[in-house]
Amino acid sequence: MKAIALTRYLPIDDPKSLEDVELPTPTPAGRDLLIKVEAISVNPVDTKVRAPKDKVEASPRVLGWDAAGTVAAVGPDVTLFKVGDPVYYAGSITRPGANSEFHLVDERITGHMPASLDFANAAALPLTTITAWEALFDRLGVAPDGSDEGKSVLIVGGAGGVGSIAIQLARRLAKLTVVATASRPESADWCRQLGAQHVIDHYQDMPTQLKAIGLPQVDFALCLNDTDTHFPAMAEAVAPQGKICSIVENAGPLEIGLLKSKSATFVWEFMFTRAMYETPDMIAQHTLLTEVARLVDAGTLRTTVGQVIGPINATNLRRAHAQLEGGRTIGKLVLAGF
């Protein structure tokens, strides 16, 4: 099968950083599905894993943790899917990625694809949707049924992949007042189109900007960009007994003591946790993705594609990585078709 892989961890402008290769087609066992991949999407985790370092892989390593395609074969213990089903998923970071013609994924972290979307638009959703859903509803404890209506959330980094779906979930399902951050006119417009009632600039003083829009405190804060830089501002802005969640690892110590007098909570979200540790509730991601497909088909949620770059090959994938590393991407970058 065709695949895009690496053996060395090189700068993305090096043609050998990601290369077209031929690999054996895998065979499903247990609860695995063999997926014929039709579209993939690129996330910051791809560029972080591929980042230059002194390491050489003994065999080609395939990255990629967002895909949509059809079930080509099933393992003997599969009960949730059949051959021919269109699916979408993020997969597990502990296994080979989806930048290949065929790919194995556990059915418990796979969802039935929205019927109203093509493969490219569906591939934009899984990783960011799982991350945003778990961050808001599992980690921050926001009620997805709208019973927290009237409360507020600050989403730092609203125009990226996770922010683009988090705005929708917070506004349309949870019915929160959504304050998103963006630093450019076009990214601010994107956040408003997705449902943010307010947009502020995360490069400026966020607590001052929040006061200016009449929200001196927020009930929840979701950090999707530079935890080290933004933690003090979030600690100041979060309400007493409020909650902060981040998906971005910190480079240095965080001043957790800033939250003590408020009895505020800080929690991490890592969407690979359930698959990595095979937690007893691992199937929650199947349930989540299937529910999101229903919401997309009902018109409640929309896809977050920013750009479809072209066919799935090493040249286009290097281009997507370079664009993402530039830090100015709006929405998701997708490649479709081999």
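Let's start with Gln241. At 66% relative accessibility, Gln241 counts as exposed. The cut-offs: buried is under 20% relative accessible area, exposed is over 50%, and partly exposed is in between, with a 1.4 Å probe and protein chains only. Gln241 sits in strand 13. Its phi is positive, about 65°, although Gln241 is not a glycine. Most residues other than glycine have a negative phi.

Quick note on the source. This is a predicted model, where local features need pLDDT of at least 70 and side-chain atom pairs count only at pLDDT 80 or more, while totals for chains, interfaces and linings use all residues. Residues are numbered from 1 along each chain as its sequence is written, and side-chain values use heavy atoms, with hydrogens and water left out.

There is another positive phi, at Asp226. Here phi is near 50°, again in a residue other than glycine. Asp226 is in the loop between strand 12 and helix 7. Its relative accessibility is 35%, so Asp226 is partly exposed.

Now the overall picture. The protein chain has 10 helices and 16 strands. Both are DSSP runs numbered from the N terminus: helices are H or I with at least four residues, strands are E with at least two. The radius of gyration is 20 Å, close to the 20 Å that the globule rule gives for 338 residues, so the chain is as compact as a globular protein of that length. That radius is taken over C-alpha atoms, and the rule is 2.2 Å times the number of residues to the power 0.38. Along the principal axes, the C-alpha atoms fill a box of roughly 60 × 40 × 35 Å.

Of the 338 residues, 56% are buried. The chain exposes about 13,600 Å², and carbon and sulfur atoms supply 52% of that. Those areas come from the Shrake-Rupley method with a 1.4 Å probe; for residues, only the protein chains shown count as cover.

One annotation from the record. An unreviewed UniProt entry gives "domain: Enoyl reductase (ER)" for residues 16-335. UniProt positions are in the numbering used here, feature names are shortened, and annotations may be inferred rather than shown by experiment. The span is 31% helix and 27% strand, and its end C-alpha atoms lie 19 Å apart.

On to helix 7. Which of its residues are buried? They are Thr227, His230, Phe231, Ala233, Met234, Ala235 and Ala237. Their cover includes strand 9, helix 6, strand 12, strand 13 and strand 14.

Next, the aromatics. The structure holds 5 aromatic pairs. Rings of Phe, Tyr and Trp (its six-membered ring) pair if their centres lie within 6.5 Å; planes under 30 degrees apart are stacked, over 60 edge-to-face, the rest tilted. Take Phe231 and Phe266. Their centres are 5.6 Å apart and their planes at 85°, so this pair is edge-to-face. Phe231 is in helix 7 and Phe266 in strand 14, so the pair ties together parts 35 residues apart in sequence. Phe231 is buried, at 1% relative accessible area. Phe266 also pairs with Trp268, edge-to-face, at 5.1 Å centre to centre and 80° between the planes. Trp268 is partly exposed, at 38%.

Elsewhere, Trp65, Phe270 and Phe272 form one aromatic cluster. And the charged end of Arg302 sits over the ring of Trp190, 5.2 Å from its centre. That label needs NZ of Lys or CZ of Arg within 6 Å of the ring centre and within 35 degrees of the ring normal.

Pro144 is in the loop between helix 3 and strand 9. It is partly exposed, at 38% relative accessibility. Beyond its neighbours within four places in sequence, Pro144 is in contact with Phe137, Leu173 and Ala174.

Arg108 is in the loop between strand 7 and strand 8. Not counting residues up to four places away, Arg108 touches Arg31, Met282, Ile283, Gln285 and His286.

Last, Arg8. Arg8 lies in strand 1 and is partly exposed, at 37%. Leaving out residues up to four places away in sequence, Arg8 touches Lys16, Ser17, Lys55 and Val56. Arg8 and Val74 are 66 residues apart in sequence, and 32 Å apart C-alpha to C-alpha.

Definitions and conventions:
Contact means heavy atoms within 4.5 Å.
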